[in-house]
Amino acid sequence: MSTLDPGRVLSVQSHVVSGYVGNRAATFPLQTLGYDVDVVNTVQFSNHTGYGYTNGHKTTPEQLTAIFEGLSTNGLVSHYRVLTGYVPGAEALTVVAEQIKKMKEVNPEILYVLDPVMGDMGTGLYVSEDVVPIYKDMLSIASIITPNQFEVELLSGISIDSMATLHTALRQLHTAHSLPHIAFSSIPLPISLVTKLDLPAPPPSYMCLLPDPIPPWYDAVGVGEPEDEVLVCFASTWEEEKLETWAFALPTIRGYFSGVGDLFSAMVLAHFKNPESQSDLPPLPHAVSKALLTVQQILLRTHLYSLIQTGTSGTATPRPLHHSSSEQHGSVIPSDAELDAIGPVNPKDPKRKAKRMRLRELRVVQERKLIVDGGQGWPGKRLDWQGILGHGM
């Protein structure tokens with residue numbers, strides 16, 4: 001008889017006092033869906049680093065070891081679902097990896113979602129290089145990984161510049177590490193290619209939240225020029241020596257946000273094989289579909305809120321939000337540099353940028369109803385790899 005608690009989650013990642021990244025982006029949404037969440041904070045920062053200035057401290061390997069020892073001694077390690085995210089150093093990551101391995105040895109059925117937070121396209125690696133081989137070793141104990149493009153390329157050793165190289169990278173990760181599932185969070189692809197894949201457009205439950213007419217900061221399937229890019233998420237499962245992949249076309253909102261990947265990983269964990277979240281889809285595409293709907297709706301509402309609060313003028317009329325009908329959303333988003341040039345305030349004052357960054361924090365509390373019931377899920381499509389590779393996409 002299993003001693004695991006199906007409603008209890010262990011979440012090991014960063015913590016900020018102000019804002020919604022890491023454990024702050026994961027805990028409340030998971031609790032809203034009915035999970036008990038035990039958190040281990042790998043850092044304790046005032047705010048995330050996108051603010052430009054932050055302060056706080058990292059949790060040392062010794063402190064992490066002590067926390068896990070206390071949980072184990074008291075018999076409190078009964079989590080069926082485990083999530084790990086940002087861990088800043090190799091020694092700390094080794095402690096986390098060893099703990100997860102111990103848990104899996106006792107209870108192999110544990111669902112472990114690994115978000116290998118290492119870097120991003122354009123910014124590169126933002127953790128120490130010596131964590132990379134540790135993450136590669138951890139792939140063999142993960143049930144699901146939720147990497148971005150940079151992390152997929154880093155872990156697989158394959159640069160993705162076509163559907164063929166995407167197929168190779170996914171297959172490499174699955175087969176080299178006995179990895180069952182990959183939720184590849186996003187990669188930008190031309191609308192022309194996404195159109196050839198015949199991926200569905202955003203669902204009505206999302207489109208009804210958009211301003212009317214569609215603003216120029218928004219690109220999606222059916223909107224924009226063929227050379228414009230939209231993000232595509234892939235849910236890939238390796239089963240019976242076969243690669244099964246579903247693709248989901250996502251809108252592109254031109255703006256800066258943090259914590260999106262953290263929320264996505266938490267929602268994948270929440271909806272994967274959840275008895276209360278049934279679907280005709282296979283387990284991973286279902287979980288990804290539900291996660292994407294939550295993330296995309298909250299991201300859009302956050303963006304619209306930030307435009308209202310910054311007083312950006314424009315002609316687009318919003319559909320109803322939690323605001324009066326007289327408010328308007330901007331059609332042009334001023335850059336941080338342009339905003340810094342307005343007024344006599346010192347542009348180097350950290351409070352100036354912090355005020356703007358705070359407006360872009362994900363509104364997970366205010367939009368909690370969307371977490372519980374935002375709609376049926378984000379529409380996707382099962383890929384015909386034979387046909388795609390045969391056409392040289």
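## Before we start

This is a predicted model, so to speak of local features takes a pLDDT of at least 70, side-chain atom pairs count only at pLDDT 80 or more, and totals for chains, interfaces and linings use all residues. Residues are numbered from 1 along each chain as its sequence is written, and side-chain values use heavy atoms, with hydrogens and water left out.

## The big picture

The protein has 14 helices and 14 strands; these are DSSP runs (H or I, at least four residues, for helices; E, at least two, for strands), numbered from the N terminus. Of its 393 residues, 54% are buried, meaning under 20% relative accessible area with a 1.4 Å probe, protein chains only.

Take the contacts (heavy atoms within 4.5 Å) with a separation of 6 or more: 73% of them are between residues 24 or more positions apart.

## The largest pocket

A pocket here is an open set of points on a 1 Å grid over the protein atoms alone, where a 1.4 Å probe fits, with protein on both sides within 12 Å along at least five of seven lines; lining residues have an atom within 4 Å of a point. The largest one has a volume of about 1600 Å³, counted as the space filled by probe spheres set on the points, which are joined across faces, edges and corners. Its lining has 42 residues, with Asp120, Phe257, Ser258, Gly259 and Gly261 closest to the centre.

Among the elements that each give at least two residues to this lining are β1 (5-16), β9 (181-190) and α10 (283-309). By class, the lining holds 22 nonpolar, 16 polar and 4 charged residues (Ala, Val, Leu, Ile, Met, Phe, Trp, Tyr, Cys and Pro count as nonpolar, Asp, Glu, Lys and Arg as charged, and the others, Gly among them, as polar).

## The second largest pocket

Next comes a pocket with about 310 Å³ of space. It is lined by 17 residues, and Phe68, Ser72, Gln99, Lys102 and Met103 lie nearest its centre. The largest share of that lining, 6 residues, comes from α3.

Which residues of helix α12 (residues 350-359) are buried? They are Arg352, Arg356, Met357 and Leu359.

Definitions and conventions. Buried means under 20% relative accessible area, exposed over 50%, partly exposed in between (1.4 Å probe, protein chains only).
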